[in-house]
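Open the model in a viewer that can select by residue number. The stops below say what to select next and what is there.

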Amino acid sequence: MFVTVAICTWNRSALLDRTLDGFRRLRVPRGVGWELVVVNNDCTDDTDAVVHRHAAALPVNRVFEGRPGLSFARNAGLAVARGEFLLWTDDDVLVDPDWMAALLDAHHRFGADLVFGRVDPWWETRPPAWYGPRFAGHFAVVDLGREAGLLADRERTGYGVS
């Protein structure tokens with residue numbers, strides 16, 4: 001099995017650097033090959049240098065998309081993706097080492113076309129005093145519990161999914 005992990009980015013090289021560093025700890029399941037497609041969506045910062053720094057440790061393929069916008073960037077990633085499974089994530093995400101294994105396991109167990117998991121916020125400093133449970137649903141935070149399962153139509157969610 002071959003998997004493509006795709007990340008679209010625009011001028012967030014410092015965050016992307018942390019994300020790619022996290023991918024160095026990814027535990028890829030036995031029998032799975034993978035590639036990491038990073039789509040540079042016309043960045044003017046040092047995104048390319050960040051990707052290049054991680055190229056020796058990760059199976060990274062940098063793609064350039066000059067038209068601004070997430071849809072153009074995603075389509076550019078799709079155009080080069082070689083995997084039979086496509087796992088999207090963002091340039092500001094810290095993936096769990098078992099992220100890929102958990103998503104593939106859920107896909108196989110449930111025969112799901114769309115799989116997503118828990119999303120917790122991370123803060124570079126202490127969260128602002130005003131942040132709390134009353135803001136649930138206003139940030140890209142998803143916590144449906146620890147047990148994998150199917151969602152009813154009314155429960156479907158997934159940030160960045162359209």
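Contact here means heavy atoms within 4.5 Å. This is a predicted model, in which local features need pLDDT of at least 70 and side-chain atom pairs count only at pLDDT 80 or more, while totals for chains, interfaces and linings use all residues. Residues are numbered from 1 along each chain as its sequence is written, and side-chain values use heavy atoms, with hydrogens and water left out.

**Stop 1: Val32**

Select Val32, in the loop between helix 1 and strand 2. Helices (H or I, at least four residues) and strands (E, at least two) are DSSP runs, numbered from the N terminus. Val32 is buried, at a relative accessible area of 16%. Buried means under 20% relative accessible area, exposed over 50%, and partly exposed in between, with a 1.4 Å probe and protein chains only. Which residues touch Val32, leaving aside its neighbours within four places in sequence? They are Met1, Val3, Met100 and Leu104.

**Stop 2: helix 4**

Move to helix 4, residues 99-110. Its 12 residues should span 16 Å at 1.5 Å a residue, and the end C-alpha atoms are 17 Å apart, which agrees. The expected span is 1.5 Å times one less than the number of residues. Colour Trp99, Met100, Leu103, Leu104 and Ala106, the buried residues of this helix. Looking down the axis, these residues fall within an arc of 155°, so they line one face of helix 4. The arc is that of the directions from the helix axis to the C-beta atoms. An α-helix has 3.6 residues a turn, so residues three or four places apart point the same way. Strand 1 (2-9), helix 1, strand 2 and strand 4 (85-90) are among the elements covering the buried residues of helix 4. After helix 4 comes Gly111, with a positive phi near 60°.

**Stop 3: the aromatic rings**

Now show the rings of Phe23, Trp34 and Trp99, which ring pairs link into a cluster. Rings of Phe, Tyr and Trp (its six-membered ring) pair if their centres lie within 6.5 Å; planes under 30 degrees apart count as stacked, over 60 as edge-to-face and the rest as tilted. The count by this rule is two aromatic pairs. Phe23 and Trp34 are stacked, at 6.1 Å centre to centre and 25° between the planes. Phe23 belongs to helix 1 (residues 13-23) and Trp34 to strand 2 (residues 33-40), so this pair ties together parts 11 residues apart in sequence. Phe23 and Trp99 have ring centres 5.7 Å apart and planes at 90°, so that pair is edge-to-face. It joins helix 1 to helix 4, so the parts tied together are 76 residues apart in sequence.

**Stop 4**

Go to Asn40 in strand 2. Is Asn40 buried or exposed? Asn40 is buried, with a relative accessible area of 3%. Its side chain makes a polar contact of 2.9 Å with the side chain of Asp48. A polar contact is a pair of N or O atoms within 3.5 Å; within protein, one must be able to donate a hydrogen and the other to accept it, and residues adjacent in sequence count only if both atoms are side-chain atoms. The side chain of Asn40 also reaches the backbone nitrogen of Asp42 at 3.0 Å. Asp42 has a positive phi near 65° and is partly exposed, at 35%.
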